[in-house]
Amino acid sequence: MPGPLHQLIVELLREHPGLLQALLAPQPSGFHPGPAPLQVSDRKMPERLVEYEADLVLISDDGPILIVDVQLGQDEGKLRSWPLYVAQLHAHTGRPVILVVVAVSPSLARWAGRERQVGPNLRFRPLVLGPAQLPRVEDLDEAQANPAMA
């Protein structure tokens with residue numbers, strides 16, 4: 001069951017989906033949300049046998065769909081389900097999908113960001129936002145202008 005910190009991060013991104021665009025823009029993944037505003041999608045991920053529910057799904061008119069998964073600790077089951085999240089949503093929509101894992105510590109970011117061999121011809125690596133990828137907001141005026149980033 002998600003705890004208060006987990007829910008706080010999800011709600012912050014739900015209330016300020018543009019924050020994720022700002023955080024992803026400088027990342028070297030080569031896959032970024034487009035310039036159109038992101039909107040929260042309440043879609044559950046379709047699957048015939050088991051229903052997987054992401055923490056947050058963000059969509060825009062022109063960019064990839066973003067699945068956001070907040071991780072407060074290592075969950076080996078997520079390593080197996082993350083590729084399914086992406087594949088299921090891509091199969092359902094036909095659009096590119098990025099899994100963004102928000103990790104609360106450097107060690108968790110390293111754990112989540114490792115490439116995994118899913119099969120002989122499929123490797124999977126989520127895009128991870130950990131403490132090292134978050135900009136430090138040290139200017140009071142900037143913090144007041146963009147409190148979600150602070």
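Trainee: Why are α1 and α2 called roughly perpendicular to each other?

Mentor: Helix α1 (residues 4-15) and helix α2 (residues 17-24) pack at an angle of about 95°, and angles of 65 to 115 degrees count as roughly perpendicular, so the term applies to α1 and α2. Their axes, lines fitted to C-alpha atoms over the stretch in contact, are 4 Å apart. This is a predicted model, in which local features need pLDDT of at least 70, side-chain atom pairs count only at pLDDT 80 or more, and totals for chains, interfaces and linings use all residues. Residues are numbered from 1 along each chain as its sequence is written, and side-chain values use heavy atoms, without hydrogens and water.

Trainee: Which residues in α1 and α2 meet?

Mentor: Leu12, Leu13, Arg14 and Glu15 of α1 meet Pro17, Leu19 and Leu20 of α2 (heavy atoms within 4.5 Å). Five of these residues are nonpolar, none polar and two charged.

Trainee: What makes Glu11 and Arg14 a salt bridge?

Mentor: The term requires a side-chain nitrogen of Lys or Arg within 4 Å of a carboxyl oxygen of Asp or Glu. For Glu11 and Arg14 the closest N and O atoms are 3.2 Å apart, so the pair qualifies. Both residues lie in helix α1, three residues apart, about one turn of the helix.

Trainee: Why does Arg14 count as partly exposed?

Mentor: Buried means under 20% relative accessible area, exposed over 50%, and partly exposed in between (1.4 Å probe, protein chains only). Arg14 is at 26%, so it counts as partly exposed. Glu11, at 33%, is partly exposed too.

Trainee: How many salt bridges does the whole structure hold?

Mentor: Three. Lys78 and Asp69 meet at 3.0 Å, N to O, and both are buried. Glu115 and Arg123 pair at 3.1 Å; Glu115 is partly exposed at 40%, whereas Arg123 is exposed at 55%.

Technical notes
Axes are lines fitted to C-alpha atoms, for helices over the stretch in contact, and angles run from 0 to 180 degrees between N-to-C directions. Helices (H or I, at least four residues) and strands (E, at least two) are DSSP runs, numbered from the N terminus. Angles under 35 degrees count as roughly parallel, over 145 as roughly antiparallel, 65 to 115 as roughly perpendicular and the rest as oblique. Ala, Val, Leu, Ile, Met, Phe, Trp, Tyr, Cys and Pro count as nonpolar, Asp, Glu, Lys and Arg as charged, and the others, Gly among them, as polar.
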